[in-house]
Structure formats: C-alpha cells, structure tokens
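Keep the model in view while reading.

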Amino acid sequence: RFSPFLHQFNIEVAIVRFERDARTHPLNPNLYEIEFRHGSFEWTVKRRYKHFAALSRAFILQKFRRFRREHLPGLPLRPETGVSVRRPAAINKRMRELERFLRKAVSYSGYRNTREMMNFLEVSPYSFVHDLGGKFKEGFVKKKGGSHRFPKLCRNCSNKCCYACTCGNWKKRWFVVKDSFIAYVCPKKGNLRGVFLFDHEFSVCHGFEQTGIHHGIRLRNTSRVLTLQAWSKRQAIEWRNAIDDRVENAGKIWTTKHRFDSFAPIRPNTPARWFICASGYFEAVADALEAAQQEILIADWWLTPELHMKRPSLGSDYWRLDSILHRKACEGVRIYICLYKEVELAVKIGSLRAKQYFHSLHPNILVLRHPDHDLSGGTFLWAHHEKIVCVDQDVAFIGGMDLCFGRWDDSEHRLTDIGPVKLQARSETDGSLTAAFAKSTALALITSAPLSA
C-alpha cells in the first residue's frame, strides 16, 4: 500500500482536551480533541471512545490476517460511562491511556499505513504535499450529483434534466480542504474527482434551513454548487468552521473581488516578461527546456516536432524542438504533451503523426490527444486552444503561441521564414565579408549551440 507519510519524520500525538455530552451520546459521552504533528504539518481531529475501539478491532484483524509480529497496542477496557469527569485524575488517566494507544499505533508502519488508521488520522495522499499548502480538515462526506450549473447530457438517457441520473445520486467522497480549494477523491480508486476553487462568489452554508438536508452543507462559486451531507450535526459544523478558517486566512486573496473581475489579485514586483514576437518567445522557451531538471509540460493546439526554436540554425538541429525534448528525455526528464485531437476532415495539423513521432523518440515522452469527438457527449464543437509550456513547475509560458510552423516572426516581419544558413569559406581575393553576412554570422554564433568538432 502507498504510504502518504513523510518517512523522515515521526508522528507526534497529544490529547489536549475533551468535551462531554451525555444527553446525545450516553454510551460515548466524551469527545477527545487530538493534536498531531508530522514534520512541519499540524492538524487536529476529534474522536470518541467508539472510534478508538473500532481502530483496535481493525488492528486485531490485521494481526491475524497478515500474521503481524508487532506488539498490538493496548486499549483501556473500562467503558466511557465508568469514567467520572468529576474526578480530574480519572479523566486525565483516561486521556493518557488513549494517547499511549495512539502513539504505539502510529509508531508501527504496519498499523500506520492501514486504511482504518489513515481514516482515523484524516490523512490522504494529498495531505503532506508542500506545494498544496498545509494540512487541514479531511474526511468522508456524501456528495449529491448534478452539481454543475450547466449539466452535461446524461449517459443513460437523452433527458438533460433527468432527476434520477443527475440530481438523485449520492456518493461517498473523501474531501480535502486546502488554502485555495476544496478537492474530493473517489475512495475506491483514489483518483481525484474534482476541485472546487475559492473565488469572489464563494459562499458556504450549512443546516436544514439553508440546505433543505439534515446535516447538509452547500458550497457555491462562479461555476458550481456542491451539496454535501455530513454524518452528524457536529461534523457539519466542523466542516463549516474549517472552510471558513481557510477562506478568512490564506484563501482571502481569492475570495476578494479584484479589478476587471479577475480571479487573481494584483501582485507587485512579479518576475514576469512580455513577448511581442515569436522569435524572442521561442528562444526563451528553448532556454527553459534546456534547463529542465525534472519535468516538462506542454499543451498546444498545434505542435510541430521539426520546429527550429532558434534561428538561423546554421545547418544544425541542436535547437530543433524534437532534438531538445529527446535530449532532455535521455537525461531522465519526464515530458508530458497534450495536443488537440483535430477533426481530420476539417483541420490538417497532424496531431497523430506528432504523437507517434514523439513516442518513438523516448519512453519518457508521453503524448495525449484530446478530446474524442463524440456527438452524443457534446465535445464536437470544442477544441484545445491552450498554449502553455511549464518547466519543473517553476517557469511557465502562458497565453503564448503554438510551437509549430507559421508562427515564427521578428520585428522585421519578413514574408518568408528564415531557413538554415550554411557557412562557406571565401578566398582572400573575394575581399572582406559584406555587412549583411557578418551580421547573420554573428547572430548565428550567439543563438546557436557550439558545433561539435
């Protein structure tokens, strides 16, 4: 099983306080607040004694099924009703016993990586990813289908407003709260099913009066309305508080309305650069690709593998796009390319040929053609028009130009493209080089790679 934990850090456990409610939970009246620390990540969960008991039973099954030799953590057998809160020593002893049980459980990798333990800790593969922000509220919630403001056609029928297919379907999903979004994951396959972004129209409400559902939660932004249902009123309040906390802190820059109705705030002193002509753009992209260390992401409407990124080429293919990508793939860089899958009867851009050609260069180059033009699925009049290049998730080129023929240009705006330049030796009787030849030679020496001997 995949382990989402950071192997170089231990998990620190501390039960800091408890709440008692014997009226609604007569058998498990105490609600314990547990603080966890794992590296730089800190989070809090609330559990009752029945959750500890269920975890212990799962460990016993794990031990007998898989013949684990680790010592099974002990759990106090006295029921919660026998622990008197009027005696501070008794409740403190109870908290220390449960804390000792958890510390032993998380110290063994065999128990720590079980599904039951990760559910108890509210941990998923997206919990300890530094690029996604801190560790916040996670857990299972039921999600109602038909959350898009513009629902797609139902797969089972042609009725766009089919209640049974789009509105009456409830599914169990694992939800993750982050600094700028809320994501939900399919619990069986573990794949990411959707991302709900914080924007200037984001709002959250809960309760039967506002959602029409017992323990209901409703999320709204500019593109979607999510209707959720927690398992209890307490959990619905916890989800509401966790989301409000992110919105009022790190997510506030996204929920605040910005000028021109933009989703992004104004960021002064941003290391950004504008490109006017494709000559400078292609050269900058080539330099960024050459400096790649881990991964390269490219999304284009049209992509030509034989494109020379730096011109004139002096008869060398060093700065040709396929040569750059093949060179980086041989160095271990993972390259992902998304191309528009055109309707060949209408557009001839050769995406299939580009995919087959790149796949033949190296296994580290993966190409996806999208979408499949299905008249029943509603993707017939739609195309990828993104022009994106991202290198190591550090440098990105957006809103640019397709890396293909017919795009290169400079300030002189020639009617024809610059082809390869060949250097020829001249005798002394021919005189000195002309100014034009000297200029083109100097430019070639600057922009081209050193020729091998």
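## A buried tryptophan

W174 is buried, with a relative accessible area of 6%. Buried means under 20% relative accessible area, exposed over 50%, and partly exposed in between, with a 1.4 Å probe and protein chains only.

The model is predicted: local features need pLDDT of at least 70, side-chain atom pairs count only at pLDDT 80 or more, and totals for chains, interfaces and linings use all residues. Residues are numbered from 1 along each chain as its sequence is written, and side-chain values use heavy atoms, with hydrogens and water left out.

## Aromatic pairs

Rings of Phe, Tyr and Trp (its six-membered ring) pair if their centres lie within 6.5 Å; planes under 30 degrees apart count as stacked, over 60 as edge-to-face and the rest as tilted. The count by this rule is 21 aromatic pairs. F140 and W174 have ring centres 4.8 Å apart and planes at 85 degrees, so the pair is edge-to-face. F140 belongs to strand β4 (residues 138-144) and W174 to strand β5 (residues 170-177), so the pair ties together parts that are 34 residues apart in sequence. Helices (H or I, at least four residues) and strands (E, at least two) are DSSP runs, numbered from the N terminus.

One aromatic cluster is formed by Y32, F52, F59, F101, Y108, Y111 and F120.

## Charges over rings

A charge sits over a ring if NZ of Lys or CZ of Arg is within 6 Å of the ring centre and within 35 degrees of the ring normal. K137 lies over the face of W239, 5.4 Å from the ring centre. R327 places its charged end over the ring of Y318, at 4.0 Å from the centre.

## Helices α10 and α11

Helix α10 (residues 321-330) packs with helix α11 (residues 351-361) at an angle of about 40 degrees, and their axes are 10 Å apart. Axes are lines fitted to C-alpha atoms, for helices over the stretch in contact, and angles run from 0 to 180 degrees between N-to-C directions. The crossing of α10 past α11 is right-handed. A crossing is left-handed if the near helix is turned anticlockwise from the far one by less than a right angle, and right-handed if clockwise.

D322, L325 and H326 of α10 meet Y357, F358 and L361 of α11. Contact means heavy atoms within 4.5 Å. The contact residues of α10 with α11 are four nonpolar, one polar and one charged. Ala, Val, Leu, Ile, Met, Phe, Trp, Tyr, Cys and Pro count as nonpolar, Asp, Glu, Lys and Arg as charged, and the others, Gly among them, as polar.

## Backbone exceptions

R311 and P312 are joined by a cis peptide bond, with omega about -10 degrees. P312 sits in the loop between β11 (295-300) and α10. The H370 to P371 bond is also cis, with omega near 5 degrees. P371 sits in the loop between β13 (365-370) and β14 (388-391).

F260 is not a glycine, yet has a positive phi of about 60 degrees. F260 lies in the loop between α8 (252-255) and α9 (278-290), and is exposed at 72% relative accessibility. Q393, not a glycine either, has a positive phi of about 50 degrees. Q393 is in the loop between β14 and β15 (395-397). Q393 is exposed, with a relative accessible area of 56%.

## Around D300

D300 lies in strand β11. Is D300 buried or exposed? D300 is buried, with a relative accessible area of 2%. The C-alpha atoms of D300 and L339 are 5.4 Å apart, while the residues are 39 apart along the chain. Not counting residues up to four places away in sequence, D300 touches C338, L339, Y340, E386, K387, I388, M401, D402 and L403.
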